[in-house]
Protein chains: 2
Amino acid sequence: MNEVRTSTQARGDRSRARLLDAAVQAFSAKGFHGTSTRDIATAAGLSPAAVYVHHRSKEELLHAIAVRGHEVILEAVTDATRADATPAERVAAAVRTYVLFHARSHTTARVINYELAALTEEHFREIAGLRRAIDTVMREVVEEGVRSGDFDTPDPAKAATALLSLGIDLARWYRDDGSWTPDALADFYADLALRAVGARP
Amino acid sequence: MNEVRTSTQARGDRSRARLLDAAVQAFSAKGFHGTSTRDIATAAGLSPAAVYVHHRSKEELLHAIAVRGHEVILEAVTDATRADATPAERVAAAVRTYVLFHARSHTTARVINYELAALTEEHFREIAGLRRAIDTVMREVVEEGVRSGDFDTPDPAKAATALLSLGIDLARWYRDDGSWTPDALADFYADLALRAVGARP
DNA sequence: GATCCCAATCTAAGCGCTCACTTATATTGT
DNA sequence: ACAATATAAGTGAGCGCTTAGATTGGGATC
């Protein structure tokens, strides 16, 4: 109905986004329960009550962050494996994409991997579904390589889990001021992934 | 001076241990900031005030858990690599040991890997030292294999980090009711580690 | 063997404070 | 005028931790 965006509404949009950004930073640094809604509001340059103008609750902020993050990852990994390429190239692309996200967006990645226990049961189930979808993409591309004879691993599902683990744990230890760039890590882990699945040389 | 242990004191020791156990369970399930001292006391079958008879603060409980956990890991991994064996055998033993701990003691492992931000700065530095020591053990055994020509990897330090990442992330996803036993995972990851470092077949 | 003592264990009650969230009102741009 | 944005000022609940005192279970003394 109302398709007009006034500048007042645009200001509201910016506040909403700033609150989400501030929540990501705070949840990542101090955890969901270690972060107060006042922390978030102050970091966004607003009063404590402003949080509730734009978001229903603190938990809904976490939910919004988690949904967005997992959707971005799922889409990126799906794109990376859709290409018409060899199993080795597809696994390398998937791992590279996954690692790049977790290194470049390590702040967001920490939140969406380590704060999920604070979600409501319903929201947790929703996120668990997205995570299963990501897992499935990785597992299927490894399984296809095993079927085609390009890979050799005793357990494709365990191997896929291991590849995802490498990316996720990056979010825990990666620091922007470290000596390894996201690209260097993506290359290294893509190579390591091919070794892990026993790709033919 | 007083070397006599009365049964009264033994009861105190048991309460102290039960409080530590309860804290591990609660911190693992709900996080440090999501856990109240009342949660811990109730789970240990004591009144809220009993926590402070045996421990100085909630943070000191976390510190005690973290010190103990990291010391156990450091000792186990050091033992595993001290054996008079080939680089391949030593890396396999180190990874097997590390993975076994994180699978069998996944509750403790979650706390000591994911709740460290709640430590005081001084306590955090202490734990960081223990973690560096564990990292060094793993890195040196990989480096030795590369020097001797048994391994082939473009970056031994990154490879060692990856091996530790696999173990740590286990603590995040491992469930006792899952289909993979700690031993099966240890075997699988030991084999994967040898592939990752490019061990000669 | 009953009595008292004492140190250790444990709790009832509550302190000051911060939490997530609400309400009633002011401000703003069109 | 009006709808959206933002805030000042709270609300009750729960937090970590303290205090003052009750309970407990051996030695030491007679």
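## Surface near DNA strand D

Three helices each supply at least two residues of the surface near DNA strand D: helix H1 (7-30) of chain A, helix H1 (7-30) of chain B and helix H2 (37-43) of chain B. The largest share comes from H1(A), with 5 residues. The model discussed here is a predicted one.

Around DNA strand D there are 23 residues, of which A:Gly12, A:Ser47, A:Ala49, A:Ala50 and B:Ser36 come nearest. By class, the residues of this surface divide into 9 nonpolar, 11 polar and 3 charged.

## Surface near DNA strand C

DNA strand C is surrounded by 23 residues, and the closest are B:Gly12, B:Ser47, B:Ala49, B:Ala50 and A:Ser36. At least two residues of the surface near DNA strand C come from each of H1 of chain A, helix H2 (37-43) of chain A and H1 of chain B.

H1(B) gives the most to this surface, namely 5 residues. The surface near DNA strand C has 12 polar, 8 nonpolar and 3 charged residues.

## Contact between the two chains

On the protein side, 19 residues of chain B are in contact with 19 residues of chain A. Helix H8 (156-173) and helix H9 (182-196) of chain B each supply at least two residues of the side of chain B that touches chain A. The largest share of that side, 6 residues, comes from H8(B). The residues of the side of chain B that touches chain A divide into 9 nonpolar, 5 polar and 5 charged.

## Relation of the copies

Two copies of a chain are related by a rotation about an axis and a shift along it. Here, chain B is superposed on chain A by a rotation of 180° with 0.0 Å of shift along its axis, at an RMSD of 0.0 Å. The two copies are therefore related as by a two-fold rotation axis. The same surface serves both copies, as 100% of the contact residues of chain B recur in chain A.

## Nonpolar core

In soluble globular proteins, nonpolar side chains tend to be buried together. The largest nonpolar core of this model holds 116 residues. Among its members, A:Ala193 and B:Ala193 touch the most others.

With neighbours within four places in sequence left aside, A:Ala193 is in contact with A:Val91, A:Ala92, A:Val95 and A:Leu163.

Conventions. Residues numbered from 1 in each chain as written. Chains lettered and ligands numbered in written order. Predicted model: local features only at pLDDT ≥ 70, side-chain atom pairs only at ≥ 80, totals over all residues. Near = placed C-beta within 6 Å. Helix = DSSP H or I, 4+ residues; strand = E, 2+ residues; numbered from the N terminus. Nonpolar A, V, L, I, M, F, W, Y, C, P; charged D, E, K, R; others polar. Contact = placed C-beta atoms within 7 Å. Least-squares fit on C-alpha atoms with pLDDT ≥ 70 in both. Core = buried A, V, L, I, M, F, W, Y, C linked by C-beta atoms within 7 Å. Buried ≥ 20, exposed ≤ 12 C-beta atoms within 10 Å, placed from the backbone.
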